Every structure is written in structure tokens, then in C-alpha cells.
Number of protein chains: 2
Amino acid sequence: MAKKMLPLSKVYGLLEPGPVLLLTTAKDEQTNVMTMSWQTMLEFDPPTLACVISEQSYTFDLLTDTLECVLNIPTVALAEQVVGCGNCSGRTTDKFMAFSLTAVAASRVRAPLIDECYASIECKVIDTSMVDVYNLFVLEGRKAWIDPSISDPRTLHHRGKGAFMVAGETIKLPSRKK
Amino acid sequence: MAKKMLPLSKVYGLLEPGPVLLLTTAKDEQTNVMTMSWQTMLEFDPPTLACVISEQSYTFDLLTDTLECVLNIPTVALAEQVVGCGNCSGRTTDKFMAFSLTAVAASRVRAPLIDECYASIECKVIDTSMVDVYNLFVLEGRKAWIDPSISDPRTLHHRGKGAFMVAGETIKLPSRKK
């Protein structure tokens, strides 16, 4: 998928609508993919966000070790992969291989971009002080990529137990706010 | 709008998809409404979540004072009110009156429910330790309400500068996860 760089100041517009994300991590020869819905923006620019990652997950181990990851945004075309990645562990499954996902080298972190996702945000962990209590990591986006051909991405929004709302139309109202 | 109680264990399914929320607060005779998109779940049950509230907002003052609020979930029918509430301050505007919203008494907190919203979650602030650094409040849901006649709510999902994605269809995939 041909992607272009997205200014970091525009990343909030990708994450605010609450899409399911595929978070990638890497350490040595190991890579992993985790399905994630528990994240929020904290600051606009540089884009800063907080996300919850279970301490039982393989991603938790890789992330606490490397302090780097990529947030990839899938659309409904990847719905089966999204659920598949959420239902197995990277400790026993090579998820890139199992779900036919293509790893592409990132530029600022060692975790890979997922080529099939319409957007990706390369992130560094900048604060782990809330991990002990809430498994909450604070990330800062360092580089972002987007497929410029997709203006209204049909992102997935988890409603629980495998049910996903698929993004519908976009409406525009006059507003003075970001 | 006739609402029924929603078990607290199901609240995550309302918030995970990332809808715009109308957060209400109250102190003495003052009430306020704030439009909000920066929130994430932290725990399933009791439903625990984190949300970012600007320290410049009137809501920040009311919330730090009372440690109570209600998260109300609007649908596209309230799009103009959502933008309107986001573009003025409760210090100078009675938003319930200005935007023809109906305040209904909550049962566990003094902040009101917004009758026109399809769901509402009464919350207590349980942790303010991250407010100084990130304006991040940790809330616990104590009681939740939903309009049982709406199964696929057309919630709003902010994409920035007055653009909102409107919730589309819901798809269901087999999954072992919550």
C-alpha cells in the first residue's frame, strides 16, 4: 500500500474517533501484533497518547523491554485479522505469518509497520509511571504514515465480544475547535 | 426518553467504540456540559476509565471540586448541540438552556443525566494523581442507563475541526474475548 507521511499535528484526527488498533512490537528477531481498543489522546502535538496493555500479554513484555511500538489502523477489510490477533498470543504464534500480514520497516522505531493498515504511527514510550497501577503506557508519536487514497476509512470500533461498529459517513459542522 | 438500567459490566461496550461524550457536572445551583473525546477504558467491572479535561475549562473546576460527573452518549441527532457545547464555556453560558438539553436527576451523583442522550453513566472520580501532569482523571462508573429501543446507536466520532464520523453498521465475528 503506497503511503505518504502525515504531519504529526494531524495524528489526533486518526485516533480520536476510537478505532481498533493493531499495535506492533519487535525485539531481536521477534515481532508481535496486538489488537487494542483502550487508548486516548493526551496532547495534540507532538501527538501524545495513553494506552492500556495487559500485563499478561507478550506485547507487555516486548514494550516494557524496548519502549517502542507502532500503532497501525486497520479497516473493515482486516476484520478477521483483527479478531484473530486478539484471540491468540505472540508467545506461541507468529501473527504476521498466521494472519498474512506484511511487516514493513519503520523509520524511527524497530517495530514494523503493517502494510495492509491504512495508517501507522511510530511511537516511543515516554512515561511508564502509570504502568504499575493501570497498565497504562504513555506514548509519543514520532512519525506517521497514511494511505492518501482513503478519505473516509471504514475503521472498526469494538462493541464487545467480536461485535464491531464499522465507520459510516462523515459529517461536517462549523466549529472553532481542533 | 425512557431508559432502563444497564449492568455495569456492560458499560465498556458503550465506551470502547470511542464516541463523543457530553460530560455533565454540577455544584450548588450550577450545572455544566462539556463535549469530550479523550477517554479510554481502564478496567471492565466496575467500569473504570480515564479522561482528559483541560485545566482551563469550567468543567475542570467543577470536577476537581465535586469529584462527580455523568458521561452521556449522544447520537447524530444531537450533532449541533455537541459542537455548540464544545464552542462555549459554562462560565458564561447555561448550556442546558442554550442548547435545549433536559437535565434529569441521577441516582448516585449530583450531576444530571441528559435526557436526550441514548445512554448515561454516573461516575465518581477515584484517582486524581495524574491530573497535575496530564489533566487525566480516573473515573468509576456507579450506575448506567440506556434507551433499550436503540440497538445500533448512530454515535458521533470526532475526526477534528467539526468533522464527525457517524457510526455505521455493526458486524459480528466469532471471538473468545470480551
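**Close-up 1. The salt bridge between B:Glu68 and B:Lys124 in the predicted model.** In this predicted model, B:Glu68 and B:Lys124 form a salt bridge whose closest N and O atoms are 2.7 Å apart. Because B:Glu68 belongs to strand E6 (residues 68-73) of chain B and B:Lys124 to strand E9 (residues 119-127) of chain B, the pair ties together parts that lie 56 residues apart in sequence. B:Glu68 has a relative accessible area of 14% and is therefore buried, the limit being under 20%, whereas B:Lys124, at 23% relative accessibility, counts as partly exposed.

**Close-up 2. The salt bridge between B:Glu169 and A:Arg154.** The side chains of B:Glu169 and A:Arg154 meet in a salt bridge, with an N to O distance of 2.9 Å. B:Glu169 is placed in strand E12 of chain B, while A:Arg154 sits in the loop between strand E10 (136-146) and strand E11 (156-160) of chain A, so this pair joins two chains. Both partners are partly exposed, B:Glu169 with a relative accessible area of 45% and A:Arg154 with a relative accessible area of 38%.

**Close-up 3. The surroundings of A:Thr75.** A:Thr75 is found in the loop that runs between strand E6 (68-73) and helix H3 (79-86) of chain A, and with 15% relative accessibility this residue counts as buried. When residues up to four places away in sequence are left out, A:Thr75 touches A:Tyr118, A:Pro153, A:Arg154, A:Thr155 and A:Leu156. One of these contacts, A:Arg154, is also the residue that meets B:Glu169 in a salt bridge.

**Close-up 4. The salt bridge between A:Arg91 and A:Asp61.** Among the twelve salt bridges that the structure holds over all chains is the one formed by A:Arg91 and A:Asp61, in which the closest N and O atoms are 3.0 Å apart. The pair links distant parts of the chain, with A:Arg91 in the loop between H3 and helix H4 (95-98) of chain A and A:Asp61 in helix H2 (residues 58-66) of chain A, 30 residues apart. A:Arg91 counts as partly exposed at 46% relative accessibility, and A:Asp61 likewise counts as partly exposed, at 34%.

**Close-up 5. Helix H3 of chain B and the elements packed against its buried residues.** Helix H3 (residues 79-86) of chain B is largely enclosed by the rest of the structure, because seven of its eight residues are buried. The buried residues are B:Ala79, B:Gln81, B:Val82, B:Val83, B:Gly84, B:Cys85 and B:Gly86. Within chain B, these residues pack against strand E2 (21-27), strand E3 (30-36), helix H4 (95-98), strand E11 (156-160) and strand E12 (163-172), and they also pack against strand E12 (163-172) of chain A.

**Close-up 6. A patch of positive charge on the surface.** A:Lys4, A:Lys10, A:Lys172, A:Lys178 and B:Lys161 gather in this patch. One of its members, A:Lys4, has its place in strand E1 (residues 4-6) of chain A and counts as partly exposed at 46% relative accessibility.

**Close-up 7. The setting of B:Lys4 in chain B.** B:Lys4 lies in strand E1 (residues 4-6) of chain B and is partly exposed, with a relative accessible area of 45%. Apart from residues up to four places away in sequence, B:Lys4 touches B:Ala144, B:Trp145, B:Ile146 and B:Pro148. B:Lys4 and B:Asp94 are 90 residues apart in sequence, and their C-alpha to C-alpha separation in space is 28 Å.

Notes:
Residues are numbered from 1 along each chain as its sequence is written. Chains are lettered from A and ligands numbered from 1 in the order in which they are written. This is a predicted model: local features need pLDDT of at least 70, side-chain atom pairs count only at pLDDT 80 or more; totals for chains, interfaces and linings use all residues. Side-chain values use heavy atoms; hydrogens and water are left out. Helices (H or I, at least four residues) and strands (E, at least two) are DSSP runs, numbered from the N terminus. Buried means under 20% relative accessible area, exposed over 50%, partly exposed in between (1.4 Å probe, protein chains only). Contact means heavy atoms within 4.5 Å. Patches are made of residues with over 30% relative accessible area and no salt bridge: like charges are joined within 9 Å, nonpolar side chains (Val, Leu, Ile, Met, Phe, Trp, Tyr) within 5 Å. Accessible areas come from the Shrake-Rupley method with a 1.4 Å probe; for residues, only the protein chains shown count as cover. A salt bridge is a side-chain nitrogen of Lys or Arg within 4 Å of a carboxyl oxygen of Asp or Glu. Lys and Arg count as positive and Asp and Glu as negative; His and the chain ends are not counted. The place of a charge is taken as NZ of Lys, CZ of Arg, CG of Asp or CD of Glu.
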